[in-house]
Amino acid sequence: GHQPRAARLAPPMARAELLLKGKRLCALASGGVLITFAVLSLVGCFISFLWVTPIGWMIIISSIWYAAFGGLMIAMQLGYGAKLITANAGFLDSKYGRAMFYFFCGSMAGSSAGSHDAWLVAQIFAYINWGMCWFVGILELCGPKEKVANVLAQHMASQLPVEHVPAANALAQHVPPSF
């Protein structure tokens with residue numbers, strides 16, 4: 001027979017895991033694209049001798065920021081230097097701060113796509129990067145919590161009864177967990 005719509009959809013935990021993996025993949029790709037744009041901008045600036053003009057120096061400075069923010073995006077996703085990052089950029093410790101960071105990085109990359117001097121391929125990649133950054137920012141604000149996913153993954157690995165995992169109980173009852 002015909003399955004009800006709810007039975008055809010993935011269970012909530014599977015959807016949450018899929019969204020978290022998509023968020024992580026988009027953040028890693030966006031960081032890589034930002035670093036690539038920075039390197040290409042610097043190479044183009046020095047090859048064309050644009051660095052001798054004030055506009056060239058603006059390109060150099062913005063490229064350094066692109067590379068720094070791209071590296072920060074990758075480091076946050078891979079878990080490198082988490083204590084150092086939050087000690088020096090405490091706003092990245094909250095979901096609102098991380099969301100605003102990704103919105104800013106996406107807008108920064110998107111604004112470079114508006115340049116009439118940019119190649120069409122670079123403009124397309126910049127707009128894709130803008131979308132990925134905003135997707136990650138929206139998921140930071142409204143998406144599933146990674147702490148709950150990690151606690152549930154630890155539960156699955158340890159095979160403890162679910163009643164001993166507070167976050168799993170809260171998720172099963174659709175109540176936000178309190179950590």
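Here is a short walk through the structure shown above, from its overall build to one helix and a few cysteines.

This is a predicted model, in which local features need pLDDT of at least 70 and side-chain atom pairs count only at pLDDT 80 or more, while totals for chains, interfaces and linings use all residues. Residues are numbered from 1 along each chain as its sequence is written, and side-chain values use heavy atoms, leaving out hydrogens and water.

Let's start with the whole chain. It has eight helices and zero strands; here helices (H or I, at least four residues) and strands (E, at least two) are DSSP runs, numbered from the N terminus. Of its 179 residues, 30% are buried, where buried means under 20% relative accessible area, with a 1.4 Å probe and protein chains only. Contacts, meaning heavy atoms within 4.5 Å, tell us about the fold too: among those between residues at least 6 apart in sequence, 64% join residues at least 24 apart.

Now find helix H3, residues 54–78. Its 25 residues reach 36 Å from first C-alpha to last, close to the 36 Å expected at 1.5 Å a residue; that expected span is 1.5 Å times one less than the number of residues. Among the buried residues of H3 are Gly56, Tyr66 and Phe69. After H3 comes Gly79, with a positive phi near 80°.

Finally, what about the cysteines? A disulfide is a covalent bond between the sulfur atoms of two cysteines. Counting a pair of cysteine sulfur atoms within 2.5 Å as a disulfide, a search of the whole structure finds zero. Cys105 is buried, at 0% relative accessibility, and its sulfur lies 5.8 Å from the closest cysteine sulfur, in Cys133, too far for a bond. Cys45 is also buried, at 2% relative accessibility.

Conventions: Buried means under 20% relative accessible area, exposed over 50%, partly exposed in between (1.4 Å probe, protein chains only).
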